[in-house]
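Thanks for coming. I have one structure to go through today, so please have a look at it before I start.

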Amino acid sequence: MVRETPAALLRAVDDAIDRDAILDTLAVLAAEPSPYGRERATAERLAAYAAARWPELSWQVEPLPVSDALPDSANLVAGSALGSGPPELLFYSHLDTSLTGAAAFDEPITGRPDPVPALRRPAPADPEQVVDGFGLGVARAAAAAALVGFTAAAYALRAAGQAHRLTLLLAAAGTHRNHPTGPVPGGVAHHLDHRPAPAAAVVAKSGPPGILTAEPGAMFLRVRLATRHHPALARDTAAPPGGLILHLGPVLAALEAFRRQHLRERAGRTDQVGAEVGVGSIRAGRPGKPDLLPGQLDLHLYLVTVPGDDPAAITATLRDLLTDALRHTPLGDCRLTVDGWAVHEAAATPDDAPVSRHAHAVWLAVHGAPPAPIQGWTGSTDGVVLRGRGVPTVRLGPAPLGGDPRDPRRDRYAVTELLRFARAYAGIAVRYHTPSTE
């Protein structure tokens with residue numbers, strides 16, 4: 001039995017997808033910053049815009065419980081359903097961006113204090129149809145394509161009287177963040193906690209030029225060295241001499257040795273995922289009191305996990321390695337602690353799951369060639385949360401043209417690429433809900 005999609009449905013989908021719908025949606029998403037924990041304004045603005053443009057579909061803002069980490073968070077949930085009992089297909093992306101668009105948070109990462117310029121969208125007559133803006137590569141470009149693809153599929157299926165159940169979830173707190181008490185469940189976890197799990201899901205996010213049916217997990221690690229504080233004017237009598245910061249080099253060398261060992265032990269994998277480790281933050285002392293040597297030095301690491309990884313064992317391995325490496329250095333008498341927090345476990349979807357088969361068929365249809373094989377991918381998304389809840393999940397999304405050479409905080413996308421993936425998302429939805437024929 002072969003699942004076939006009526007050509008008329010696909011033509012209706014293609015007719016409903018146009019550049020203005022994608023660019024207008026992007027403009028709404030990019031109208032103001034949508035930082036982690038403060039996505040509600042963007043969710044409400046996007047819901048109002050979408051409800052006016054596609055009124056036959058439901059558009060709901062789903063607030064998350066208020067907390068220190070999530071003071072003003074909300075998901076945007078859209079739905080279309082017809083008939084009784086069809087399996088639910090969920091399209092997922094997120095509203096927050098890794099950077100915020102505000103210099104107070106971003107400058108230590110980007111090195112730039114200036115505000116990010118507004119979204120630049122091409123005029124219809126521009127020879128280069130490229131959209132350029134902040135946060136497009138993190139999720140906004142793929143989220144806009146998913147929203148337009150979702151609406152096109154929903155309208156086509158409704159017009160044809162075809163039973164279906166489609167949901168679009170643009171979630172809050174979808175980027176990885178570490179907090180003093182450990183990782184905080186984000187918008188997708190909140191959604192799954194309050195609704196039945198969908199039958200399958202599609203993660204719309206830029207990534208490799210292919211289809212991910214597996215993604216790695218992630219964890220955070222904190223290395224802390226502590227000693228007594230001392231005034232900078234008496235640095236020679238400090239412990240260690242000169243203060244903690246002066247001896248940072250051996251710590252970083254030991255962390256690089258840990259990384260090499262960690263990657264070596266996970267080399268030669270034949271599946272889609274790979275391992276990685278990076279030091280993303282070093283904190284010590286107070287900028288306003290540089291006359292006092294810090295008594296505490298923290299290094300924060302992000303580690304990508306593969307199937308079979310045990311976060312507790314990884315934490316213990318790093319602790320033992322650092323203990324040995326620093327024992328005979330000036331840091332040997334400092335208090336060393338290493339703490340680890342698991343964010344997600346790595347997870348995979350079988351290649352023969354219906355959503356995987358439909359995604360591959362659609363890729364061939366819209367690209368004219370099968371997707372390239374993927375190996376060693378180190379990007380983790382909430383796709384692993386969905387898979388961890390038993391939801392077969394694939395990830396695919398448009399590829400950027402690269403950063404804007406004038407401002408690397410901005411991402412550039414060909415409009416044709418966004419249109420192609422809007423059609424891909426819609427095509428998966430139509431195929432998923434079209435009855436099999438002999």
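One definition before the details: contact here means heavy atoms within 4.5 Å, and an angle is taken between N-to-C directions, on a scale from 0 to 180 degrees. Keep in mind that this is a predicted model.

I'll begin with the helix that needs those terms. Helix α8, residues 311–326, lies across β8, β12 and β13. Its direction runs at about 155° to that of β13.

Now the sheet itself. In general, strands of a sheet pair through backbone hydrogen bonds, parallel or antiparallel. Which order do the four strands of this open sheet take? The order is β10-β12-β8-β13, with antiparallel pairing. At the edges are β10, residues 276–284, and β13, residues 335–344, and each of these pairs on one side only. From one strand to the next, the twist averages 15°.

Take one pair in detail. Strand β8, residues 217–226, is joined to β13 by nine bridges, and the two run antiparallel. Within this pair, Ala226 stands opposite Arg335 in β13.

A further helix, α7, covers residues 248–265 and packs on the sheet. Helix α7 touches β8, β10 and β12, and its direction makes about 15° with that of β12.

How many cavities of 30 Å³ or more does the structure hold? The count is one. The largest cavity has about 40 Å³ of space. Its lining includes Thr227, Arg228, His229 and His230, along with Leu293 and Pro294. By type, the lining residues are six nonpolar, four polar and one charged.

That is the end of my part.

Terms used:
Residues are numbered from 1 along each chain as its sequence is written. This is a predicted model: local features need pLDDT of at least 70, side-chain atom pairs count only at pLDDT 80 or more; totals for chains, interfaces and linings use all residues. Side-chain values use heavy atoms; hydrogens and water are left out. Two strands pair if DSSP finds at least two bridges between them. On a 1 Å grid over the protein atoms alone, a cavity is a set of points where a 1.4 Å probe fits but cannot get out, and a pocket is an open set with protein on both sides within 12 Å along at least five of seven lines; lining residues have an atom within 4 Å of a point. Grid points are joined across faces, edges and corners, and a volume is the space filled by probe spheres set on the points. Ala, Val, Leu, Ile, Met, Phe, Trp, Tyr, Cys and Pro count as nonpolar, Asp, Glu, Lys and Arg as charged, and the others, Gly among them, as polar.
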